[in-house]
Amino acid sequence: MEDVAAAGIPLDRGLAGYLNAVADAVGIPAEATSFEISDTATAYLGLPHRSRERPARDLMLVWSEGHGWAVAVETAPGEPAAVIAHLASEHVAPAPGVVARFVAEVIAGRGAGSAEPVFPTTTERDQLALHLARYART
């Protein structure tokens, strides 16, 4: 396999492409997404659904390189995240279709997810960049 990370595809380009692919699979516009790479890489997708437990609040799909995907209730700045379900996955960045099925199950009330997974973070950034490089747009 070609070392794509060494070929110059940085983590931010791969993550941006992956996030767009997940948004497309979930059926939301790319404008409802954002990501940040600092000490931890994170991503956000606003979902056009409300929480059953908190009907006045929207749902969001959040991702971090340390914990993967979760569906949570939108909270005010400074409030802790109110996670509804975590995606059980062997990889921190599973295929977009897997994420979309997880979201559909949670929204339908059929998926409680799993315990919060823990993935290696910055020590594995090269591997994460390599994995996400396939999603980078040229």
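Mentor: Let's start with terms: helices (H or I, at least four residues) and strands (E, at least two) are DSSP runs, numbered from the N terminus. On that basis the sequence runs α-β-β-β-β-β-α-α, which gives three helices and five strands. Keep in mind that this is a predicted model, where local features need pLDDT of at least 70, side-chain atom pairs count only at pLDDT 80 or more, and totals for chains, interfaces and linings use all residues. Residues are numbered from 1 along each chain as its sequence is written, and side-chain values use heavy atoms, with hydrogens and water left out.

Now for the helix pairs. The axes of α1 and α2 come within 8 Å and cross at roughly 45°; axes here are lines fitted to C-alpha atoms, for helices over the stretch in contact, and angles run from 0 to 180 degrees between N-to-C directions. That makes α1 oblique to α2, given that under 35 degrees counts as roughly parallel, over 145 as roughly antiparallel, 65 to 115 as roughly perpendicular and the rest as oblique. The crossing of α1 and α2 is right-handed, meaning the near helix is turned clockwise from the far one by less than a right angle, with anticlockwise being left-handed. In the contact (heavy atoms within 4.5 Å), α1 brings Tyr18, Ala21, Val22, Ala25 and Val26, while α2 brings Pro96, Gly97, Val99, Ala100 and Val103. By class, that is nine nonpolar, one polar and no charged; Ala, Val, Leu, Ile, Met, Phe, Trp, Tyr, Cys and Pro count as nonpolar, Asp, Glu, Lys and Arg as charged, and the others, Gly among them, as polar.

Turn to α3. Its axis and that of α1 come within 8 Å and cross at roughly 50°, so these two are oblique as well, but α1 passes α3 in a left-handed crossing. Here Leu11, Gly14, Leu15 and Tyr18 of α1 meet Arg125, Leu128, Ala129 and Leu132 of α3. The classes come out as six nonpolar, one polar and one charged.

Tyr18 turns up again in the largest nonpolar core, which has 31 residues, and is listed with Leu61 and Trp69 as having the most contacts inside it. Such a core is a set of buried Ala, Val, Leu, Ile, Met, Phe, Trp, Tyr and Cys residues joined through side-chain atoms within 4.5 Å, where buried means under 20% relative accessible area, exposed over 50% and partly exposed in between (1.4 Å probe, protein chains only). α1 gives the most to this core, with six residues.
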